[in-house]
Amino acid sequence: MQRNLLNIIWLPLLPGFASMVYYLSLLVGLPFIVPVLLVVAFGYFSYRWLGTYVAVAETTSLSKTQVAWSYAILTVGVIIITNKSYYIAPQYGYWDSWTIWNYHAKFLQDPAYRKYLFSLNPELHADYPLYLSASIAFLRRLTGCDNFVVPYALGYAIQLLVPVSIYVALYRKNLPIAALAFFLIITDDFYLERGLGQYADVPLALFFLCAFICIEEAKKKPGAILVAAALIGCFGWVKNEGLMLAAIFILFNIRTLFGGGRWKYFLAGIALPAITLIIFKIQAPANDLISGQGPKTREMLTDSSRYAIVWEYLTYNFNHFYIPLKIGLIAYFIFCIAERRWPSRNIVALLCCIVGYCIVYLLTPKSIDWHVHTSMDRVLMQLMPSFMYLMALRFSRLRFSLGEKQTDQ
């Protein structure tokens, strides 16, 4: 894996580690300097380890013309997304931001109030994992900036890293395809609003995307499995549905993750996120979707009207908010037919994730119409970047000319 791509993947893992050690330090009453020192040490040694054991030299060389094009495209893209963010960003984020993530962060900023987090009104979801909230609390204490600058900056950085990750992962394979995927995302106001609205769906989308990038690189360096495992462990630390995404990801990539002795790397990478999440879940109140199941569960699964509602909203979202993704999937399957090859297993994994979301909606104890209406557009956002990356990876077999040809050495 090229070093600049590893650096991008390392960036969201750093606040992930910080949020975990900070939360654990609150439980045992450690002074704030301890998690700060641990984060600094982790940042330094993990960065060096990635450069030594995961980074590899690229086998695809680019001409000077292509290098110039690649830097120009990235620069223009960053300018566009930054400029659009200025006009699109809601001042304090959207509902989930200031009623859940930033509100929970307030309890975590002061060790004296941490224990009251689990006494909140159930509507404020004290069972929600703490990647965002603990990261915000840690950064606020570290910087002394107790306002909305920290969550905004974190949201902006994460929503920027998503398209940049896709571009950097693909531009050496096929620059025009990488640029197309890049610009489709950075010019999508719907995506930018969700990222700048400080929802947790875009951070989960980033971790999910980075895990797919790492799994593609695992054949070159087994150490990439450790990074992928750390990313997988963060799925559930970002949002509850991340646990479902993690299970599906592992199931579809089980041979790559565990074969040939790679299970040792996997366990090393997932250990801290798994332990932290287990400790958190033991303390947190029960999830309302799980605790709400009962005798009516079977009835909900056999109620045809619930299926109709889920299908209606699913098609509505693809027809209104995810049009490029819908067109891309149609083109992808046409491409598969033309090549006489099956879709990649990870595209199938993403389709299974959509099925998993639909099953959750069918089993919701809440009003299904309300639940689907208020969340489906956001949960699909968790998958959109990974779809874009995997489809673009397949389309990268096409060749276009931007000056001199790429050569594989």
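Contact here means heavy atoms within 4.5 Å. The structure described is a predicted model, in which local features need pLDDT of at least 70, side-chain atom pairs count only at pLDDT 80 or more, and totals for chains, interfaces and linings use all residues. Residues are numbered from 1 along each chain as its sequence is written, and side-chain values use heavy atoms, with hydrogens and water left out.

**Overall architecture**

The protein contains 20 helices and two strands; helices (H or I, at least four residues) and strands (E, at least two) are DSSP runs, numbered from the N terminus. Its C-alpha trace extends about 65 × 55 × 50 Å along the principal axes. The radius of gyration is 21 Å, which agrees with the value near 22 Å that a compact globule of 409 residues would have. This radius is taken over C-alpha atoms, and the globule rule is 2.2 Å times the number of residues to the power 0.38.

Of the contacts with a separation of 6 or more, 83% are between residues 24 or more positions apart. Buried residues account for 52% of the 409 residues, where buried means under 20% relative accessible area, exposed over 50%, and partly exposed in between (1.4 Å probe, protein chains only). The protein exposes about 18,900 Å², and carbon and sulfur atoms supply 66% of this area; accessible areas come from the Shrake-Rupley method with a 1.4 Å probe.

There are 33 positive and 22 negative side chains, and the centres of the two sets lie 11 Å apart. Lys and Arg count as positive and Asp and Glu as negative, while His and the chain ends are not counted. Each charge is placed at NZ of Lys, CZ of Arg, CG of Asp or CD of Glu.

Helix H8 (residues 189-196) is largely enclosed by the rest of the structure, because six of its eight residues are buried. The buried residues of H8 are Phe190, Tyr191, Leu192, Arg194, Gly195 and Leu196. Their cover includes helix H3 (64-88), helix H6 (149-170), helix H7 (175-186), H9, helix H19 (368-381) and helix H20 (384-395).

Gln198 lies in the loop between H8 and H9. Ala218 is placed in the loop between helix H9 (201-217) and helix H10 (223-238). Leaving aside residues up to four places away in sequence, Ala218 touches Ala224, Ile225 and Thr256. The C-alpha atoms of Ala218 and Val348, 130 residues apart along the chain, are separated by 19 Å.

**Individual residues**

Most residues other than glycine have a negative phi. Gln198, which is not a glycine, has a positive phi of about 65°, and His125, also not a glycine, has a positive phi of about 55°. His125 is located in the loop between helix H4 (95-109) and helix H5 (131-143).

Ser25 belongs to helix H1 (residues 3-28). Beyond residues up to four places away in sequence, Ser25 touches Leu30 and Pro35.

A disulfide is a pair of cysteine sulfur atoms within 2.5 Å, and by this rule the count comes to zero. Cys352 is in no disulfide; its nearest cysteine sulfur, that of Cys353, is 7.2 Å away. That separation is too far for a bond.

The accessibility of the residues discussed is listed below.

| Residue | Relative accessible area | Class |
|---|---|---|
| Ser25 | 5% | buried |
| His125 | 11% | buried |
| Gln198 | 6% | buried |
| Ala218 | 4% | buried |
| Cys352 | 30% | partly exposed |
| Cys353 | 0% | buried |
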